[in-house]
Amino acid sequence: MSVFSLPKIPPVTKVWRDQIQQKIDTKTKPLGSLGALESVALQISEIQNTTSPTLQNPKLILFAGDHGITEEPVSLYPKDVTWQMVFNFLNGGACANVFAKHSGIGVEVVDSGVDHDWDENTKQLIQKKIRRGTSNFLKSPAMTKEEALLSLQTGVDLISESKYQNTNVFLFGEMGIGNTSSASLVLSHLTGISLSKLVGKGTGLNPEGKNIKLQILEKAYSRTGKLNDPIEILLEFGGFEIGMMAGAMLGAASKQNLFIVDGFITTAAYLLAYHLSPNVKDYAIFSHVSDEEGHIVVLEHYQIKPLLKLNLRLGEGSGALAAYPLIELSVKFMNEMASFADAGVSDSDAKS
């Protein structure tokens, strides 16, 4: 049996809060006038215990995996699209590559469980395959407990590799045909929200197709009934890429690194990590609310306020990448914007 060792994640301390807030408030602007950017600046500064935060060597890690539920009519696309898109990422042709290049972010792709054999020309792919896709969770658990624990531990260990020692900000994304179905079930069990409020169109299903998808997922839910343990939820309904991404989030937080959450599937991974170690929340920034119907329901359930609403539902870290320039701006104003004293500008007499 694989052993998963939950990493210790310290809560972010507030010892620097007064100094950080004072620096924000004495910039040449009315109090609070940079809105959410001020909140982001405060969060990053507190994570790093400094009034001069930095974003160093940012990395987007894309986790890819196949899902046995694609044996059922839950997606418009065949599962072969998973491995084909992995090639697209590696060749630089996907949206994630374009957005990442714009911000100078390195892109790395992890085979968590893709149903494909790679040739020698895919050496740049990070090979962490647990199995060639999960089992069909309509009929049986998606994975064994050993595989669930291995997916989590592999994600934790990945972030500890030496190549990331100079990285202090991670963006996470995914690729896996069928993974909105997996995420819907994971989220329903974790939150208690009904599948009818979570199941969306995924790859673009029409209303009839969405209804068929919902019926299939409700039948899968009834196979186990309500589950509460995150490990059990992962093994019954998760994906290898979802489990590995959850582990990577735990790993990033344990190193006191910032990470940026993408959309619906990435949120499912985040909530698995959160239910295993609630302090992980201190290190997460939510980039956007996606156009997948259940995403806003889940975010509101946890009172999470994402930075953007752009009606995205692509996945692959696209929302996290779209939000990254705003996160950069929050750091830049902290470090480069003049204070009233520096600029010789009269401050307001009222601080309320």
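**Overall form and aromatic pairs**

The protein chain exposes about 14,600 Å², of which carbon and sulfur atoms supply 50%. The model is predicted. Its secondary structure comprises 14 helices and 6 strands.

**Fold and dimensions**

- The radius of gyration of the protein chain is 21 Å, which agrees with the value near 20 Å that a compact globule of 352 residues would have.
- Along the principal axes, the C-alpha atoms occupy a box of roughly 70 × 45 × 35 Å.
- Of the 352 residues, 55% are buried.
- Among contacts between residues at least 6 apart in sequence, 77% join residues at least 24 apart.

**Aromatic pairs**

- The structure contains 11 aromatic pairs.
- One of them joins Phe-87 and Trp-118 edge-to-face, at 5.4 Å centre to centre and with 65° between the planes.
- This pair links distant parts of the chain, with Phe-87 in helix 3 and Trp-118 in the loop between strand 2 and strand 3, 31 residues apart.
- Phe-87 is partly exposed, at a relative accessible area of 22%, whereas Trp-118 counts as buried because its relative accessibility is 14%, under the 20% limit.
- Tyr-270 and Phe-286 also form an edge-to-face pair, because their ring centres lie 4.8 Å apart and their planes meet at 85°.
- Tyr-270 lies in helix 11 and Phe-286 in strand 6, 16 residues apart; both residues are buried.
- Ring pairs also link a cluster whose members include Phe-63, Tyr-164, Tyr-270, Phe-286 and Tyr-302.

Conventions: Residues are numbered from 1 along each chain as its sequence is written. This is a predicted model: local features need pLDDT of at least 70, side-chain atom pairs count only at pLDDT 80 or more; totals for chains, interfaces and linings use all residues. Side-chain values use heavy atoms; hydrogens and water are left out. Helices (H or I, at least four residues) and strands (E, at least two) are DSSP runs, numbered from the N terminus. The radius of gyration is taken over C-alpha atoms; the globule rule is 2.2 Å times the number of residues to the power 0.38. Buried means under 20% relative accessible area, exposed over 50%, partly exposed in between (1.4 Å probe, protein chains only). Contact means heavy atoms within 4.5 Å. Accessible areas come from the Shrake-Rupley method with a 1.4 Å probe; for residues, only the protein chains shown count as cover. Rings of Phe, Tyr and Trp (its six-membered ring) pair if their centres lie within 6.5 Å; planes under 30 degrees apart count as stacked, over 60 as edge-to-face and the rest as tilted.
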